[in-house]
Amino acid sequence: MPDRPSLGISRRKQPRQARSSDLVAAILEAATQVLAEVGAERFTTARVAERAGVSIGSLYQYFPNKAAVLFQLQSDEWRDTTALLSGILTDPETAPGERLRAAVHAFVRSECAEAAMRRALDEAAPAYRDAPEAAEPQLIGTQAFQMFLREALPAIPDAELRVAGEIIAMTLGEVGERISETVRTEAALEVSAGALADMLCAYLDRLRCVGQAAASS
């Protein structure tokens with residue numbers, strides 16, 4: 001059965017009962033398995049419904065097309081990563097530099113653990129990347145760094161903090177992905193994550209010095 005034409009990637013409705021939540025969870029688990037097995041090109045809602053043991057009509061109650069299913073998988077990955085980083089970056093008991101270093105190591109380790117699924121989702125990205133909904137989860141991830149920088153660097157103007165947050169988020173994402181594709185041992189992971197953390201912490205220190213100099217002038 002061909003997929004329905006793309007009319008957007010937002011869910012048709014949110015599950016309100018435990019049974020509905022279980023159904024959506026089963027669909028997404030099946031989607032993860034299908035994507036890993038057949039790739040983005042052969043991924044269809046019919047395959048997902050069959051794997052989940054539900055009718056295609058039941059799937060379409062919640063997801064209007066395959067792009068919506070794929071986007072939900074990607075959104076869940078972004079949400080989990082953002083929650084991981086935010087939890088580390090907002091720890092008031094830890095110095096900002098130590099927080100950033102811990103966040104880098106946690107992110108790189110997460111990227112390595114989920115490398116296969118991330119590659120599959122990257123292949124699927126053309127199905128949903130141009131939809132307006134796709135910008136919001138990524139924006140939330142960047143905002144986590146901007147909030148961290150606002151606390152760590154109170155003397156830096158907001159415009160500069162926005163740029164710094166974007167630079168850190170982009171660098172972490174791009175380099176973290178490359179590390180996940182090349183490292184094969186725990187020792188190599190630690191060395192690579194440490195080097196990336198050194199670079200970003202040095203950037204943080206430079207911004208702090210700039211802010212202190214501006215405040216004292």
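**View 1. Isoleucine 88 and the residues that it touches.** Beyond its neighbours within four places in sequence, isoleucine 88 is in contact with Arg99, Ala102, Ala103 and Ala106, where contact means heavy atoms within 4.5 Å. This is a predicted model, in which local features need pLDDT of at least 70, side-chain atom pairs count only at pLDDT 80 or more, and totals for chains, interfaces and linings use all residues. Residues are numbered from 1 along each chain as its sequence is written, and side-chain values use heavy atoms, with hydrogens and water left out. Isoleucine 88 itself belongs to helix H4, residues 66-89; helices (H or I, at least four residues) and strands (E, at least two) are DSSP runs, numbered from the N terminus.

**View 2. The whole chain, for orientation.** Zoom out for a moment and you will find nine helices and zero strands. Followed along the sequence, the elements give the pattern α-α-α-α-α-α-α-α-α. The chain has 217 residues, and 41% of them count as buried; buried means under 20% relative accessible area, exposed means over 50%, and partly exposed lies in between (1.4 Å probe, protein chains only). Among contacts in the chain with a separation of 6 or more, 71% come from residues 24 or more positions apart.

**View 3. The packing of helices H5 and H9.** Here helix H5 (residues 96-113) packs with helix H9 (residues 186-216) at an angle of about 145°, and their axes lie 9 Å apart. The crossing of H5 past H9 is right-handed; a crossing is right-handed if the near helix is turned clockwise from the far one by less than a right angle, and left-handed if anticlockwise. Residues of H5 in this contact include Pro96, Leu100, Val104, Val108 and Cys112, while those of H9 include Leu189, Ala193, Leu196, Leu200 and Leu204. Sorted by class, the contact of H5 with H9 holds 12 nonpolar, three polar and six charged residues. In this sorting, Ala, Val, Leu, Ile, Met, Phe, Trp, Tyr, Cys and Pro count as nonpolar, Asp, Glu, Lys and Arg as charged, and the others, Gly among them, as polar.

**View 4. Two cysteines where H5 meets H9.** Cys112 of H5 and Cys201 of H9 both take part in the helix contact. Cysteine 112 is partly exposed at 21% relative accessible area, whereas cysteine 201 is buried at 9%. A disulfide is a covalent bond between the sulfur atoms of two cysteines. With the cut-off used here, a pair of cysteine sulfur atoms within 2.5 Å, the count of disulfides is zero.

**View 5. Salt bridges.** The structure holds nine salt bridges, each a side-chain nitrogen of Lys or Arg within 4 Å of a carboxyl oxygen of Asp or Glu. Arginine 208 is partly exposed at 24%, as is aspartate 205 at 39%. Elsewhere, aspartate 158 and arginine 150 meet in a salt bridge at 2.2 Å, N to O. Aspartate 158 has 46% relative accessibility and is partly exposed; arginine 150, at 30%, is partly exposed too.

**View 6. A network of salt bridges.** Asp76, Arg79 and Asp80 are linked in this network. For the bridge from arginine 79 to aspartate 80, the closest N and O atoms are 3.0 Å apart. Aspartate 80 is partly exposed, with a relative accessible area of 44%.

**View 7. Threonine 171 and its surroundings.** Threonine 171 lies in helix H8, residues 158-182, and is partly exposed at 21% relative accessibility. Leaving out residues up to four places away in sequence, threonine 171 touches Gly176, Leu196, Met199 and Leu200. Threonine 171 and leucine 196 are 25 residues apart along the chain, with 8.8 Å between their C-alpha atoms.

**View 8. Alanine 26 and glycine 53.** Alanine 26 is part of helix H1, residues 18-38, and is partly exposed, with a relative accessible area of 31%. Its C-alpha atom is 8.5 Å from that of glycine 53, a residue 27 positions away in sequence.

Conventions:
Axes fitted to C-alpha atoms, helices over the stretch in contact; angles between N-to-C directions.
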